[in-house]
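Please keep the structure open while you read.

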Amino acid sequence: MLDLFTIFTKGGIVLWCFRSTNQLFAPSVNALIKSVILQERSGVYDHDGLSLQYKLDNEFELVFVVAFQKILQLSYIDKFLSDVHLEFRDRYKNDLRVDNRNYGEFDFGADFRRILERAEKWGRQQATLPKQMRSYEDSAKSKKTVASMIERKGEEKPATAGASKKSVKIAEKKRNAAEMADEGAAAPNGSESPGDDLIMESRKKFAEKMLGKGAKAKSDKQKSPKSPQQQQQQKSGKQMRVWDLGGNTKDLPNLDRSKDRPEDVKSDFTPNDQIIGSMRGGIQDLDVESDSDEYSEEEEDEDDDGVYEDQRERKQPSGRGGMFSMFKGLVGSKNLTHDDMQPVLDKLRDHLIGKNVASDISQKLCDSVAGKLEGKVLGTFDTIAATVKGTLTEALVQILSPKRRVDILRDCLEAKRAGRPFVMSFCGVNGVGKSTNLAKICFWLIENNLSVLIAACDTFRAGAVEQLRTHMRHLNALHPAEKHGGRSMVQLYEKGYGKDAAGIAMEAIRHANDSKIDVVLIDTAGRMQDNEPLMRALAKLIKVNEPDLVLFVGEALVGNEAVDQLVKFNQALADYSSSDRPHIIDGIVLTKFDTIDDKVGAAISMTYITGQPIVFVGTGQTYTDLKALNAKAVVHALMK
C-alpha cells in the first residue's frame, strides 16, 4: 500500500528508509522539502501521481515522510505517522541526542512492519464501522446553560438571529390571531364581540356584490356612447416621452468613438514630469503604515526577568494590550506541547482573520506553526508569546518572499537581444483594475526606454478600447517621439469589439515582432472564475500565444474570495489547455492597496495558494502609484 517511508534529519541525513518499488522517489521528496517543508506548509502534497505527507520532530530535528499512490484513499496515514514517530524516537532517543551525531545503523524494519499492520487493521475496522452520530457534547444545545432553557410564563422569548423572514412573519400572524382570540374571550357576554361585527360586515358586502352584478349589466346598456375624442384617447394609449438632447439615429456617426477622427489625433496633453514623477530603474518598495501601536517584544518581555512563580502571583492586567500579552508570563525550560500553544494559536487565528487573511489559510498557518514548535525546548527566559510570534513572522516572510528571481526589466532586455518581444498577459475578474495597472506598468517600461505595444483583447466591455486609447495618448504625451529619436513609445493594436481575443493577441505579437517593439501587454476581458466559456477562451489565448508572463490581477480588499478566484483560475488554465505542461499563473498584481490600511491579509492568501510572487502592488490612481512588495513591511503590519 505504501510506496515510500523515510526518516531523515533536518540536515539531510537519511536515518532509515523503506521502499516497496524501484521507483525513483528523490524528485518527489525534494519537491516536498522545497515547496512544503521549507515554506512551512501543512497538509497532503501531490507530485507526479504520488501523495506525500510528513511529520516533524522538533526535539530531535527529524522529518518523517510517507508516500503512496494518489489514487488510494488511506484513512490511517495520520495515525500511522504518529505511531512510527513515537516508536522511533522512544527507541532511539539516546542515539538522537544533540551531542551524539555519530549515527549508527537503525534496525527499525520489524517495528515498522508491525506498526503498519496494526494501522492497516485499524483502518479496515474504521471502514466497517457505521457512521457515528454526533454526541450531545458536540451539539449546540450542550453549550446552553440551564438558565437559558427555563421558560417562564409571561416572559417574552428573545428572537434568534438565525430565524428566517418567513418564520418571523408566521410567528407574527399567530401572535395576532392569539391576541384577537384573547380580546374576544375578554368581551362581556351581553355585548357583541369584534369578530361578530366582522362576520356581519363581510356578509353584507357579499350580498351587495351579488346584487350589483345584474344592475351593472343593465346600466352599461343605458350608458351614452363615448365621444370620438374619448375613443381616440383610449386607443392611443401611453405616449412615449421625448427627452431633451436625446438624439436620434442621425447622431450615431458623431457619437461613435471607436475610430479615430482627425480632431482626436491631435493630443491636448502636455507633458509635465514634475507632476507625474519618474519611475526610472527598479520599482520602489511598498511602505505599509498602520494606526495601531507598534508591537515591541522588548517592552513585552521587560518584566520576564523574575521567576515564574512570582509572575503567576502578579497577574495584574498590563496597560499594553496586544495579541500575545496574555502569554507574557509563560517561561521556563520545557518542551512545548500542543495544549500549551492552543490558546495563543486560537488568538492568532482570530487575529489573522481580522487582518483579512482567508479563514482556511489562517488555520493552515496555525497548524504549520504548531507542527514546527511542538516538542521544541524553550530556554529559561523564552516566552511562548515571543516564540510563537517569531515563528509566525518567519513563516509569513518566507511565504511572501519570491521563490524565484523576478526581474522583468532584465527579462525584457534578454528578449530584446534575442530579437523578439517580451509578452505579458493580464487576467482577473471584473472591475479589479487590469487596464489601469497595465497602463502603470506601461509607463514604468517606457520610463526605462522600452517601447510597448498594447493589445486590446477586451472585445466585450463597452469602452475598453477607448480607455486604452486614452492611456496611449497620455503616455505618448509624457514621452513624445521627439525625445526617443522619432520612435513612438506606446502603440495600440485593436480590432474593435466582438472579435476573437486569441487571434487579436497573435496578430499583435506578430506586428510587434515585425516592428521591433520591445514589450507586448495583452489586456483581457474581466471574467468570473465560474464562467466556463470565458475561462476556456482565456486558456485558449494563453495556449495559442504562449506569453512569457501571465499575471493575475486581484484586489487587496478580498478575503476568502481570493482563494476561490486563484484556485479556479489556475485550475481552469490547467484543465482547458491541451498541453501536458499548461502555462498557469506566474505572478500576482495586487491592486487598491491604498484602501485597506493595515488589513493586508489578501497578500498572504494569494501567495499561499499559488506559491507565486506578488510582482506589483497598485497604490493609487496615477501612473507612478506602482510599488514592489516589501515582505517585511507587510508582515510587520499584519502582526500589529
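Leaving aside neighbours within four places in sequence, Gly601 is in contact (heavy atoms within 4.5 Å) with Lys355, Asn356, Val357 and Leu638. Gly601 is buried, at a relative accessible area of 0%; buried means under 20%, exposed over 50% and partly exposed in between, with a 1.4 Å probe and protein chains only. Val634 lies 33 residues from Gly601 along the chain, and their C-alpha atoms are 8.7 Å apart.

This is a predicted model: local features need pLDDT of at least 70, side-chain atom pairs count only at pLDDT 80 or more, and totals for chains, interfaces and linings use all residues. Residues are numbered from 1 along each chain as its sequence is written, and side-chain values use heavy atoms, without hydrogens and water.

Gly601 belongs to helix H22, residues 601-610. Helices (H or I, at least four residues) and strands (E, at least two) are DSSP runs, numbered from the N terminus.

The open sheet has eight strands with mixed pairing, in the order S8-S7-S9-S6-S10-S11-S12-S13. Its edge strands are S8 (490-493) and S13 (626-627), each pairing on one side only. Two strands pair if DSSP finds at least two bridges between them. S12 (residues 614-618) and S13 are antiparallel over two bridges. Val617 stands opposite Lys627 in S13.

Two helices pack on the sheet. Axes are lines fitted to C-alpha atoms, for helices over the stretch in contact; angles run from 0 to 180 degrees between N-to-C directions.

| Helix | Strands touched | Angle |
|---|---|---|
| H16 (residues 408-417) | S6, S9, S10, S12 | about 135° with S6 |
| H22 | S10, S11, S12 | about 165° with S11 |
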